[in-house]
Amino acid sequence: MKYLWLLCTSALLFSLSGCGSSGAKGELVGVQGRKPYKQDVPYGMVYIPAGTFIMGQADQDVTASRVAQNRQQTISPFYMDETEITNNEYRQFVLWVRDSIAAKTMGGNFVVKGEDGTEYINPKQKVNYSAKNNPNADQLKGMYYQGDDKITGRNDWDVTKLVYQYTWFDLRAAALKQNRTKPRSSFIKREKVTIYPDTLVWLADFSYAQNEPMVQQYFSHPAFDDYPVVGVTWKQANAFCAWRTEFNNNYRDKNKKPRRGEVSLPTEAQFEYAARGGRIGTDFPWGGPYIRNSKGCLLANFKPGRGNYADDGGFYTVHAKSYFPNDYGLYNMAGNVSEWTSETYDESSYTFTHDMNPTYRTQEDDMSSLAQRRKVVRGGSWKDIGFFLQNGSRSYEYQDSAKSYIGFRCVAQHMGKQLGAKN
């Protein structure tokens, strides 16, 4: 009885002195003093309004695969990168990871601790990688190739050491009824991903083709800075999204701004909806059923004919802002590089996913079956024929595979009412 009395007393004290009720005068007014949130457009992204569209094959099913049946879907508003992620944008991620590892290795003034003891890079302490007159040079030796792995005595980064670690929460598993009583830690996933692109894909993908210059220069030379990054697996693309989210969150926390939504790969429906640019029943992102305009010019970077890669102005990939954007302002939603989506490939997924923000995503480890490790790619690429550039065409690649013709772009959540909505 005494215990019950204490509980009642505690509840009474909270009701009288709760900080959120100051000035409420006994009325239900909600927690006061919270700053209003105004959504800003993430840098490099464009706004995609909500809408309903017919998803799936817009024209004949050339492959007779029947894996993209027509279905009406509704999509929430979101933001999408106007171009594929470029080499230079991905390089920012690579160098951030490199500097983090270097700072962690050297310790001291190169790291600072947060209130909870978490270590961060000290942005005021720049890492000096020079071998001359550098007191920290010996500490950084482990980040370079050593011994027989060195070429002509140069200090080249050992890219196998560039590993990004991050955690994510498996909300879908936590939402299952049978998992509701499990501890929170059961759903926290910890990932370690080697993030440097596989530059050898230019040779591995095409036997008996002289692609050595692309291996040596594509990711590193300034001439290709604004070209889409390739040689990135689905896991690496997800790691990039996780880093991009945290990179922005850290900035906003430091400046006491509300966080934006999470950055991720687009779902299949988001990609197709955005590619259509608000047009109905069209084959390609630019509208009509043809891949040439009225002047006879090809409208995307693909393989126009047998043995013909160059008629569209691009031999391999091209600048990420080539050709005309679609009606949402998105470049190369067809052609240039195929793009990873967040979804697992299943031939019949259109028949069982929801008709509101549909998605079919599973997180598979490397020991799962090949079928489970297939991830949807969209848009077609510089080495594909025109059929794969259609808005409704879908294909797949394995999540741990890197290809010279697959890149990605990101989406971010839009929170609150639609932009321009009256109500």
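The lining of the second largest pocket comprises nine nonpolar, one polar and six charged residues. In this predicted model, the pocket holds about 450 Å³ of space. Its lining consists of 16 residues, and Y145, D156, W157, V159 and Y196 are those that lie nearest the centre of the pocket.

Rolling a probe the size of a water molecule over the atoms shows where empty space is left. Four cavities of 30 Å³ or more were counted by this rule. The largest cavity has a volume of about 70 Å³, and its lining is formed by M55, Q73, E268, A269, E343, S349, Y350, T353, P358 and T359. Two elements, α7 and α8 (349-352), each give two or more residues to this lining. By class, the lining of the largest cavity divides into four nonpolar, four polar and two charged residues. The second largest cavity contains about 50 Å³ of space. Around this second cavity lie N87, P197, D198, T199, V201, W202, Y218, F219, V230 and G231, a lining with six nonpolar, three polar and one charged residue.

Helix α7, which contributes to the lining of the largest cavity, covers residues 268-276. Nine of the nine residues of α7 are buried, so the helix is largely enclosed by the rest of the structure. After α7 comes G277, which has a positive phi near 65 degrees.

The largest nonpolar core was then considered. This core has 44 residues, and Y90, F93, Y164, I195, W202 and F408 are those with the most contacts inside it. Two or more core residues come from each of β1 (45-48), α2 (87-106), β7 (163-169), α4 (201-204), α5 (212-217) and α6 (234-254). Helix α6 supplies the largest share, seven residues. A second, separate core has 18 residues, M80, Y328, L330 and M333 among them. Y164 touches F93, W96, V97, E191, K192, V193, I195, A239, A242 and W243, with residues up to four places away in sequence not counted.

Helix α6 has 21 residues and reaches 31 Å from its first C-alpha to its last, which is close to the 30 Å expected at 1.5 Å a residue. Just after α6, K256 takes a positive phi of about 55 degrees.

A137 is located in the loop between β6 (119-121) and β7. When residues up to four places away in sequence are left out, A137 touches S130 and A131. A137 and Y47 are separated by 90 residues in sequence and by 46 Å in space, C-alpha to C-alpha.

For the protein as a whole, eight helices and 14 strands are present. The C-alpha trace spans about 85 × 65 × 40 Å along its principal axes. Of the 423 residues in the protein, 43% are buried. Among contacts with a separation of 6 or more, 70% are between residues 24 or more positions apart.

Methods: Residues numbered from 1 in each chain as written. Predicted model: local features only at pLDDT ≥ 70, side-chain atom pairs only at ≥ 80, totals over all residues. Heavy atoms only, no water. Core = buried A, V, L, I, M, F, W, Y, C linked by side-chain atoms within 4.5 Å. Buried < 20%, exposed > 50% of the residue type's maximum accessible area, 1.4 Å probe, protein only. Helix = DSSP H or I, 4+ residues; strand = E, 2+ residues; numbered from the N terminus. Contact = heavy atoms within 4.5 Å. 1 Å grid on protein atoms, 1.4 Å probe; cavity = no way out; pocket = protein on both sides within 12 Å on 5 of 7 lines; lining within 4 Å. Points joined across faces, edges and corners; volume = space filled by probe spheres on them. Nonpolar A, V, L, I, M, F, W, Y, C, P; charged D, E, K, R; others polar. Expected span 1.5 Å × (residues − 1).
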